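Thanks for coming, everyone. Please look at the sequence and the structure while I talk.

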Amino acid sequence: MEITVKLFAMFRVGRFAATTQKYREGITPADVAGELKIPHKEVGIVLVNGRHAKLDHRLFAGDTLSLFPLVGGG
């Protein structure tokens, strides 16, 4: 199944801004982050089709997954 993955801020460094790739059925945002070598503890916001989701959310064909890093500051 094809899923569009969008990465933001530092997650783009050495990777990509957006891509559409084939993934296995039942994959989750946690699985995608793992394949991209993004530690789960560094993921601040997960969106699936523009809506907040958890790392264990099951993805379906045609979904758009957006991953944002934690934001720090004062």
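Let me start with a definition: buried means under 20% relative accessible area, exposed means over 50%, and partly exposed lies in between (1.4 Å probe, protein chains only). Accessible areas come from the Shrake-Rupley method with a 1.4 Å probe, and for residues only the protein chains shown count as cover.

Now the ground rules. This is a predicted model, where local features need pLDDT of at least 70 and side-chain atom pairs count only at pLDDT 80 or more, while totals for chains, interfaces and linings use all residues. Residues are numbered from 1 along each chain as its sequence is written, and side-chain values use heavy atoms, with hydrogens and water left out.

First, the overall picture. The protein chain has 1 helix and 5 strands. Read from the N terminus, the order is β-β-α-β-β-β. The radius of gyration is 12 Å, close to the 11 Å from the globule rule for 74 residues, so the chain is as compact as a globular protein of that length. That radius is taken over C-alpha atoms, and the rule is 2.2 Å times the number of residues to the power 0.38. Helices (H or I, at least four residues) and strands (E, at least two) are DSSP runs, numbered from the N terminus. Of the 74 residues, 35% count as buried. The chain exposes about 4,600 Å², and carbon and sulfur atoms supply 54% of that.

Next, the sheet. In what order do the strands of the open sheet lie? The order is S2-S1-S5-S3-S4, with mixed pairing. S2 and strand S4 (51-52) stand at the edges with a single partner strand each, so one side of each has no neighbour in the sheet. Two strands pair if DSSP finds at least two bridges between them.

Take the pairs one by one. S1 and S2 run antiparallel, joined by 5 bridges. Ile3 stands opposite Gln21 in S2. S1 and S5 run parallel, with 4 bridges. There, Leu7 has Leu67 in S5 as its bridge partner. Strand S3 (residues 43-48) pairs with S5 in the antiparallel sense, over 5 bridges. Ile45 stands opposite Phe68 in S5.

Look along strand S1 (residues 2-7).

Now Leu65, in strand S5 (residues 64-69). Is Leu65 buried or exposed? Leu65 is buried, at 0% relative accessibility. Contact means heavy atoms within 4.5 Å. The C-alpha atoms of Leu65 and Val5 are 4.8 Å apart, although 60 residues separate them along the chain.

Thr28 sits in the loop between strand S2 (18-22) and helix H1 (29-35). Thr28 is buried, at 14% relative accessible area. Beyond its neighbours within four places in sequence, Thr28 contacts Leu55, Asp56, His57, Arg58 and Leu59.

Last, charges. How many salt bridges does a search of the whole structure find? The search finds 1. The side chains of Asp31 and Arg24 form it, at 3.0 Å, N to O. A salt bridge is a side-chain nitrogen of Lys or Arg within 4 Å of a carboxyl oxygen of Asp or Glu. Asp31 is partly exposed, at 27%. Arg24 is partly exposed too, at 48%.
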